[in-house]
Structure formats: structure tokens, C-alpha cells
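Biologist: I am new to this structure and would be grateful for a guided introduction. May I put a series of questions to you?

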Amino acid sequence: MSNSKIILTGDRPTGRLHIGHYVGSLRRRVELQNSGAFDEIYIMIADAQALTDNAENPEKVRENVVEVALDYLAAGLDPAKSTLFIQSQIPELCELTFYYMDLVTVARLQRNPTVKNEIIMRNFEASIPVGFFTYPISQAADITAFKATTVPVGEDQEPMIEQAREIVRKFNFVYGDTLVEPEILLPDNEACQRLPGTDGHAKMSKSLGNCIYLADEPDVIKKKVMSMFTDPDHIRVEDPGKLEGNTVFTYLDAFCRDEHFAAYLPDYANLDELKAHYQRGGLGDVKVKKFLNNVLQETLEPIRNRRKEYQKDIAYVYEVLKKGSEAAQAKAAQTLSEVKSAMRINYFDDAELIAAQTKKYQEQ
Ligand code: ATP
Ligand code: MG
């Protein structure tokens, strides 16, 4: 097998992308793209996966495809270096999913902690759509179709990557070495692996309405920051404050650098000094929130401005996705053909098959 380094990752078009996506995966993808260390990079808008829990809401998925694409381009994904494509346009992914389903048990799917959690969040209980229940298998098809070696994602994706690795091992064991086992690439910084929502909820998520979006205008960002969840026991400025579960500090962990202190809060050299003061008491939430607002504004302004440029030419954005989908399909078709050969379901490509069967009956 080749030694190519290949990235596959993506997002569900269930809303615009937020700063959790940015620190959890998007920022890293752009860095990896620009590092030149990868031979191929595939970035997928997972519309088919979004439909697994939005079957009755196809317009939402349809509208958000271009929103996610705009966020990609705005964040710095470059179509000349990364293949941006739409999942549903690659039918090979469905075929792979169908064959992988034979290699996974229902009990194994039921154990997936992320899916368990999402079922509760969506109130599915006894009415889980089969497509939703099996989406980890379809995700394994997405990853392996591109022979991805590296999947940069947030922590909630860990069980999906583990499931994909198991499918690869099982497939290669049963049918012979064909698929590549992917590695997860989590953000180094713990705050970025699962950024909490502005309400202090464990995960910023489009479905929970606790997001700061990459496209939010400055006044909206400021409003969201100023009303963010902090330490409920930190009532007076003099009170000592807690950092655990304090969303404002988690966001600073994810976004702020020492240069930001020099620019906006020169009384402190770095985040450790600010944290120490907060814990001692004597530092008010408003001051910390104002600082976070400055940091976020500086980070998000160039992204928002680039987005506005791309918004002027939506036809171009669709053209990027169309070209990307064509390129992605070619790659997936190649893998599917290898998979079918390995599984011995390549009847018409195998001249020896007819010869062997012919011989068998001639000898009788
Ligand atoms: P949905 O609610 O529709 O599932 P979502 O906000 O969870 O949407 P996804 O499209 O499921 O977003 O996730 C896309 C990528 O962003 C994944 O790699 C995921 O790990 C990452 N991600 C999503 N939310 C966060 C977060 N709060 N912190 C860090 N990474 C995140
Ligand atoms: Mg999600």
C-alpha cells in the first residue's frame, strides 16, 4: 500500500459553523493544508449524514450546504489545495456503507457513547431512525473511501474513528489488505477538543443554540460574550473566582495568546497571571469578558470579511463544490472497485471467473 498522507474530515450542514468547529477542527485543517505535509485533503459537507436526523427538514440541510462552504472558504480552506465536496453526490459512499454493515453488530453500535448521547439530545428514545443509528458505519465509509490516514476532529468524534478502525481491521482480515486504518488528530489544547456553549453547556452545538458563529457581526459577538456563563458564586469583585467550568476562561484557553495581553490588557503578561488574579479575588467578570471580546473580535474579523467577499459570488462557491465532488467521486470509485474485487463481487471484470466456470462444466 502507498505511503500517501491523506486527510478526510467534514461537517454536517445543519447550520453555520461556530467557534467550536473552528478550534476543534477547522483551524487545524487550514494549518495542515498550508503546511504542505499532506498529499491529498478531502473536506466533506455531510448532507446525507445531516438527513439521518433531519429527514423531514430537507430545506434546512439544502440551505446550509452553501453556508458551510462559505465558512470553509472564509476560514482559509483553499480549493486549489483541498477538495471540498458534498457527500450525497458520491454514490460510492452508500455502496461501501452497505457492505460495511455486514461487519458490524447492532450491539456494537448501541455501545457508541456519542450516538447514545445524541439520541438523548434529540429525544429519539424509541423512534431512532435506522439511518441515524448506523451513521457511524457511513462515516467509516466516508473515511476509508478516500484512504484517509488522518482525521482532524473534535473529541466527540473519537468513538466514530475507533469504529472506523475496527471496520478496516475486520475488512482487511476477512477479504485481504485493502483499506487504510485512519488516525484521529485531536487539538493539542484540551479547551479546543470540546468547546462548551456560551450557556456553560458541555458542548457548543448548532442543535443547542448556544453558539458564537464565525459569521456573527461584532455587536452580536459582544452581546453573547457579555452574557456568557462564568462562576455563579463569583458575585462581588473581591470574591475569589473559580476557573473550572468557567466558560469565559475556557474560551481564553482556546483563543488567547500572549500578544493579546500586550494589545488589550497590558497589566498582565499572560493568561496564567490573569487566572491567578481571578482565583485570588479582586478581578471582575466584566473586565475578563471585555478582554475575551477583544480577542474574539480580532480573530473573527478577517474571517467575516472574507466571507462577505465570497457571498458576492455564490455561483463560484457552487462551482467549487461541483468540481470537488467530481474529483472526490473519482477517488471513491477507485476504492470501491478495489473493495469489490477483494469481496469477490467483481464478476464482469474477472476474465478468469468465466474461464474457470467454463472449465468446471467441461470436465463434468
Ligand atoms: P450537530 O448539532 O448538527 O451535530 P455540531 O455543532 O455537533 O452539529 P458537527 O457538524 O457534528 O457539528 O461537527 C463537525 C466537527 O466539528 C467535528 O469534527 C466535531 O468534532 C467538531 N466540533 C463540533 N462541535 C465542537 C465543539 N463544541 N468543540 C470542538 N469541536 C467541535
Ligand atoms: Mg455533531
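Biologist: How many helices and strands does the protein chain have?
Modeller: Please bear in mind that this is a predicted model. Along its principal axes, the C-alpha trace of the protein chain spans about 95 × 45 × 40 Å. Its secondary structure comes to 17 helices and five strands.

Biologist: What percentage of the residues of the protein chain count as buried?
Modeller: Among contacts in the protein chain with a separation of 6 or more, 76% join residues 24 or more positions apart. The chain has 364 residues, and the share of them that counts as buried is 52%.

Biologist: Which residues of α1 and α3 make the contact, and how do they divide by class?
Modeller: On the α1 side the contact is made by Tyr22, Leu26, Arg29 and Val30, and on the α3 side by Asp71, Tyr72 and Ala75. By class, these residues are five nonpolar, no polar and two charged.

Biologist: How is α3 oriented to α15?
Modeller: The axes of α3 and helix α15 (residues 285–311) come within 8 Å and cross at roughly 125°. The angle therefore makes the relation of α3 to α15 oblique.

Biologist: What is the handedness of the crossing of α3 and α15, and which residues make the contact?
Modeller: The crossing of α3 with α15 is right-handed. From α3 the contact draws on Glu67, Leu70, Asp71, Leu73, Ala74 and Ala75, and from α15 on Ile303, Arg306, Arg307, Tyr310 and Gln311. This contact has six nonpolar, one polar and four charged residues.

Biologist: Are α12 and α14 roughly parallel or roughly antiparallel?
Modeller: Helix α12 (residues 247–255) and helix α14 (residues 271–280) have axes 11 Å apart and pack at an angle of about 170°. Angles over 145 degrees count as roughly antiparallel, so α12 and α14 are roughly antiparallel.

Biologist: Which residues make the contact of α12 with α14?
Modeller: By class, the residues of this contact are five nonpolar, no polar and two charged. They are Phe249, Leu252 and Asp253 of α12 with Leu271, Leu274, Lys275 and Tyr278 of α14.

Biologist: How many of the residues of α17 are buried?
Modeller: Helix α17 (residues 351–363) has 13 residues, which should span 18 Å at 1.5 Å a residue; the end C-alpha atoms are 19 Å apart, in agreement with that expectation. The helix lies largely in the open, because the number of its residues that are buried is zero.

Biologist: Where is Thr52, and which residues is it in contact with, leaving aside its neighbours within four places in sequence?
Modeller: Thr52 is placed in the loop between α2 (47–51) and α3. Its relative accessible area is 17%, and buried means under 20%, so Thr52 is buried. Leaving aside neighbours within four places in sequence, Thr52 is in contact with Pro129, Gly131, Phe132 and Tyr135.

Biologist: What distance separates the C-alpha atoms of Ala342 and Asn172?
Modeller: Ala342 belongs to helix α16 (residues 314–342) and counts as buried at 17% relative accessibility. Leaving aside neighbours within four places in sequence, Ala342 is in contact with Phe171, Tyr175 and Thr178. Asn172 is 170 residues away from Ala342 along the chain, and their C-alpha atoms are separated by 9.0 Å.

Biologist: Is Asn123 buried or exposed?
Modeller: Asn123 is found in the loop between α6 (113–121) and α7 (130–133). Although Asn123 is not a glycine, its phi is positive, at about 55°. Its relative accessibility is 55%, and so Asn123 counts as exposed.

Biologist: Is Lys147 buried or exposed?
Modeller: Lys147 lies in the loop between α8 (135–145) and β4 (150–152). Its phi is near 55°, a positive value in a residue other than glycine. With a relative accessibility of 17%, Lys147 counts as buried.

Key
Residues numbered from 1 in each chain as written. Chains lettered and ligands numbered in written order. Predicted model: local features only at pLDDT ≥ 70, side-chain atom pairs only at ≥ 80, totals over all residues. Heavy atoms only, no water. Contact = heavy atoms within 4.5 Å. Helix = DSSP H or I, 4+ residues; strand = E, 2+ residues; numbered from the N terminus. Nonpolar A, V, L, I, M, F, W, Y, C, P; charged D, E, K, R; others polar. Expected span 1.5 Å × (residues − 1). Buried < 20%, exposed > 50% of the residue type's maximum accessible area, 1.4 Å probe, protein only. Axes fitted to C-alpha atoms, helices over the stretch in contact; angles between N-to-C directions. Parallel < 35°, antiparallel > 145°, perpendicular 65-115°, else oblique. Left-handed = near helix turned anticlockwise from the far one by under 90°.
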